[in-house]
Each structure stands twice: as structure tokens, then as C-alpha cells.
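This report covers a ligand site, the domains and chains around it, and a few backbone details. Sequence and structure come next.

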Amino acid sequence: MKILAFDTATEACSVALLNDDKISECYEEIPRGHAQHILAMCQHVLDEQNCQAQDIDTIAYGAGPGSFTGLRIASSVAQGFAVALNLPVIAISSLQALAQAAYEQTQNASVLAAIDARMEEVYFSYYEFNTDKQCMQEVIVDQLCAPELAPLPDSEAKQYCAAGSGWHIATLQQRFRNCISQTIPDCYPRASSMLKIAEQKYTDGDYLTVDKIHSMYLRDKVTT
Amino acid sequence: MKRVLGIETSCDETAIAVYDAEQGVLAHNIYSQIELHRQYGGVVPELASRDHQQKIVPLLLQTLVEANINIDDLDGVAYTAGPGLIGALLVGATFARSFAFARDLPCVGVHHMEGHLFAPMLEPQPPTTPFVALLVSGGHTMLVKVLEFGNYEILGESLDDAAGEAFDKTARLLGLNYPGGPEIAHLAEQGDATRFEFPRPMIKRPGFDFSFSGLKTAAMQAFMATEQDQQTKADIACAFQLAVVDTLSLKCQRALKATGLSQLVIAGGVSANQLLRQELHKMTKKLQAEVFYAKPEFCTDNAAMIAYVGYQRLVRGQREPLNFNVTARWPMSELV
Ligand SMILES: Nc1ncnc2c1ncn2[C@@H]1O[C@H](COP(=O)(O)OP(=O)(O)O)[C@@H](O)[C@H]1O
């Protein structure tokens, strides 16, 4: 099984290739210019595993939420590959990818994922490690909200890992201070973390045909 | 190199075409976002980008069906790399470059105005280089000496508004819809050409530069001084169109004489204007020269012209590297 995964939803730009049980990854944090880097990164991971684009079985892309331009870069690459190679495509939430990256880094099974959405809002969700699926699964749906309105957990018994750029925002930190054991604001979604999710989704038949590729902007009000 | 896929997403049209070196344009499609943006009174860049992303795949698949070819039959890919809206350009470029990468096809970025410049090459009786070209669109007005493909000398350009822009602004003044060019041309048919006389800007000055903002102001002042009734609107449209056409024609004549060339190519949205075509026919006839233009659907934004120019660049060995880029502002003079 060969899966090519990539994500450009945040400052992080990354590509990973799963080649049966071997993984190659390119990961860089760059403010912009993701479009200029992503294909060279694809080439790099393919070369490293002695693979060709034609060998890929499926692709997984970071579908958002995140930077609008970033989301379009990832979904345009996904469209390009999917049309060219007639591949099924797996859309992965950037918050899920972030939660998975946080889990892999900290082993904390409960993650509050938050990405700074600018304009005093955050992209926000809860994720929990699912032992059957062997990856992070959403507890509530990804949402766009003001930090002071982000939904609090039902009980304060559980301690979470707070991951993502959203946790640089003081209001958000303050609101969740009683249920956070660990904060990693510099954690980003990354392609290698998406591979586990992609494998599971592929097994579940949760993939898209090329005409269904889209971005999950969450913010749809773009005019004043 | 035989068949090239062309992708155009520089502004508010998503367009896809397949050009074949032997058979010409096999198929092309244009999806216009005009309706999407109308309620905002102009193109909203973020909405344009989102819409390009949704339309590009279905439009490509439809175009391949209409061209009666498979993806395997494509030999190269060309996309508009600028000038235009950065986000909109990025959608087409990223898709095109990724598609080419996945299929290991050569790929090249194309200058949108170079596309317009060569759109008349897609006609049954195309011009041959060298020729003089008048590029008249919503964003550009320029006279170019085309020595051969890739070798251009800019003779002159607009110092302020582009001709199409002047049409659009004057149309808005008269309460007409966007794009204003066709609306003005239509209304002018009912106009009295003798009621108003507008200046022919810069015709007394030597050289090949243009200026249309004064003409737009003259139209506005004339309009404000009247009852602003329907007949007046038609009369102003008529006088305005005449002044633009006269000015363009005169500069073209001057350029033909100065270069000693006998072929004139007109391209870009305004080249669809019937009066302009008529006047240029008359003018070139007197000089024993000839005028060439594209069919109406290839005068405005389309992907056939991008595929054609892409083909020309690909056969000359040009390739876009993996770290492709798009450019919002890209003067023709920087084209190499
Ligand atoms: N029949 C016409 N007469 C005059 N202007 C026209 C006509 N048809 C289109 N136009 C003008 O052409 C311009 C659009 O041309 P296009 O080549 O698409 O421009 P751009 O790519 O620079 O936006 C608009 O300004 C429009 O008003």
C-alpha cells in the first residue's frame, strides 16, 4: 500500500509517503510559498523510496480548516494527482491531523486542537485516541468560534493536551486553564501523522472521487 | 509534442482547452463567474479562487470528452502564470503543475497577454510574423511589434486607463451593465454621431502611447450637462465609441507606416468591437495592409490561446520547474 499525504493548511508545509511499512517525510515551517515547495517535496519522498507517482494507490490531503490559500494549494495538488492518475482521494481534517501529531508527540490520548483563524477566532475541536482505529477521532465537529465561546468539556475530570497555534491566544488558554495538563502551541498538522488516519479511512471506504475534492474553509463569510 | 492542455484562471473565467498542433483547437470550454460577482459590483478575489477550484475538474473532464481524447493523449500542459488575481492564478497553476508532475508531462506557465496576442493564430487564415499587434483589453492597451514568436518590441501603451476600462467606466456612468464594451456598442447603434464630439487623445503627439482617462472625463462632463435621457445616453455611447475607435485606428496606422509592416493583428476583449474592426479594415485597405482578429469567443479570456502559446513554448524547450510560481503584476516588457 502506497499513500502520498500532504498538508499546507498552516505555516507547516509537509509531504509524506507510506511505502508499505516504510515512511518518508519532508516537513518545513515557512510563512508562505507552500506552492513552490510542495511538488519538490513530493519528488523527494518518492525518490527516497524509489517510487514513481504512478505507483501511488491513494492520496490524502489536508482539507482544512486553515489558511484559505493553503487549503487551495493542497486540494489543487490533490485534484491534479487524482485526475492524472485516476486515484481515490482521502480528505483529512487539519484539526484531526494536528491532534494526531500532538498524540504522537505527547502520547496524551485527549487533545484540544485549536488553529488561530485570525480575526479573533479559532478553528477548534476535541479529539480522542480510538484504540480500534488506532488514531485520533473527533469528539465534536470542527468549528470556527471566538476563543471565549469555545465549548468547554462536560466535566473537569479529564486533563487535555492543548495543541496548535490557537493556544497562543491568551483568552483561549484562560478559558481552559483547569482542564489542560500540557500546551504545545507550536505543534502543526503534518503529513506523516496523516498517514495513520488515511490508512484507517481507506480501510473504511471513506474516500472521495476526484469531482468531490473540496476544502473545508469553515469561514464562509468572505465579503463585507 | 502534439497535444497541449491549456488552463486559464487569471480572473473571473475558468477555461480549459486542448490544442493539437495539426488539427488546431480540439475542444474548449469557458465558465464565467460574472453572475457570482455581479451583486458585489466587482470581482471578489476569494470567491473567484473558490469557484475556480470547484469548476476546474468538471470542466477538464468535459473538455476531454468533447475533444474525444483520453488523458494519455496529452503531451504537455500550459497554464496562465500571470498577470491576474494571485489566488485565482494559483488554483490553475497548482492544478496544472501537479497534473503534469503526476503524469510526467512537460509543463509551462504562460503570460496571459501573450495568449491574447496569438489568439488570431487559431483562425483558419492566421497572420504570419512579423506583424504589428494592437492589444486592447480590460487591463491593457498596447501596440507591439511582433518580430517572431517570443521576440516583441513594445511600441507604445496606455499611460492611464486601458481602452476596455474606459468602455467599462463610461458604461457605468451611463447606468449600463458590466462588461461595458458590448453594452456601449449596442446602445451606440441608436445614437446620433453628430451631437457630441469628444477629443481624440494624444493623436497630435508623436509616438504610439495612448491615454483614455480624459476621454472618459469628457463623456462624463457632457452627460452631466444634459437631461440624461435614453437618447442622450445613446448619443454619448456613439460619440465615445467613435473617439476610441478613431484614436486606436490612427495609432495603428502610424505603427504600420513606421514599421513598414503590412499585417495588423488586434487582440483582447475590445478587439471584438465591430466598429473597430470595420475602421481597421478601411484603414489597412488604404495602406494595402491586412487586419487579423480572433473569433469572438477567443477575443476575451479563454484557454485555447493559453494552450497555443504553451505549445509554442514547449516545442522551444521551455519548462516550468517544480517550484513553479505565479505573478500578479507582470509587464509584457519582461516577457522573455
Ligand atoms: N464589443 C466590445 N466593444 C468594446 N469593448 C469590449 C467589447 N467586448 C468586450 N469588451 C471589453 O473587453 C474587456 C475584457 O476583455 P479581456 O480581454 O477579457 O480583458 P482582461 O483580460 O484584461 O480583463 C472589457 O473591458 C470589455 O468591456
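A polar contact here is a pair of N or O atoms within 3.5 Å; within protein, one must be able to donate a hydrogen and the other to accept it, and residues adjacent in sequence count only if both atoms are side-chain atoms. The model is predicted: local features need pLDDT of at least 70, side-chain atom pairs count only at pLDDT 80 or more, and totals for chains, interfaces and linings use all residues. Residues are numbered from 1 along each chain as its sequence is written, chains are lettered from A and ligands numbered from 1 in the order in which they are written, and side-chain values use heavy atoms, with hydrogens and water left out.

**Ligand site**

| Residue | Protein atom | Ligand atom | Distance |
|---|---|---|---|
| Gly139(B) | backbone N or O | oxygen | 3.0 Å |
| Gly164(B) | polar backbone atom | oxygen | 3.2 Å |
| Asp301(B) | side-chain N or O | oxygen | 3.0 Å |

On its own, the ligand has 580 Å² of accessible area, and the protein covers 87% of that. Accessible areas come from the Shrake-Rupley method with a 1.4 Å probe; for residues, only the protein chains shown count as cover. Helix H4 (112–118), helix H5 (163–173) and helix H6 (180–188) of chain B are the elements that each give two or more residues to the shell. Helices (H or I, at least four residues) and strands (E, at least two) are DSSP runs, numbered from the N terminus.

There are 20 residues around the ligand. A residue counts as near if one of its heavy atoms lies within 4 Å. Ser137(B), Asp168(B), Gly181(B), Gly269(B) and Asn273(B) come nearest. The shell has 12 polar, six nonpolar and two charged residues. In this scheme Ala, Val, Leu, Ile, Met, Phe, Trp, Tyr, Cys and Pro are nonpolar, Asp, Glu, Lys and Arg are charged, and the others, Gly among them, are polar.

**Domains of chain B**

Chain B splits into domain 1 (3–118 + 299–334) and domain 2 (127–293). Domain bounds come from an automatic or database domain assignment. Why does the ligand lie between the two domains of chain B? Both domain 1 and domain 2 give residues to the shell around the ligand, so it lies between them.

The C-alpha centres of these two domains of chain B lie 27 Å apart. Their contact (heavy atoms within 4.5 Å) takes 16 residues from domain 1 of chain B and 20 residues from domain 2 of chain B. The two domains of chain B bury about 1500 Å² between them, with 78% of it on carbon and sulfur atoms. Buried area is the accessible area (1.4 Å probe) that two parts lose on being put together, summed over both.

**Domains of chain A**

Chain A has domain 1 (2–93 + 189–212) and domain 2 (94–184). Their C-alpha centres lie 23 Å apart. The contact draws 19 residues from domain 1 of chain A and 16 residues from domain 2 of chain A. About 1400 Å² is buried between these domains of chain A, and carbon and sulfur atoms give 59% of it. Pro65(A), Ser93(A) and Pro189(A) supply 38% of the area that domain 1 of chain A buries against domain 2 of chain A, more than any other three residues.

**Chain interface**

Chain B and chain A bury about 2400 Å² between them, 66% of it on carbon and sulfur atoms. On the chain B side, Arg50(B), Gln53(B) and Phe101(B) lose the most area to chain A, together 28% of what that side buries. The contact involves 27 residues of chain B and 29 residues of chain A.

**Backbone details**

Thr129(B) and Pro130(B) are joined by a cis peptide bond, with omega about 0 degrees. Pro130(B) sits in the loop between H4 and strand S6 (131–136) of chain B. Another cis peptide bond joins Tyr178(B) and Pro179(B), with omega about -10 degrees. Pro179(B) is in the loop between H5 and H6 of chain B.

In chain A, Gln107(A) is not a glycine, yet has a positive phi of about 65 degrees. Gln107(A) lies in the loop between helix H3 (94–106) and strand S6 (110–116) of chain A.
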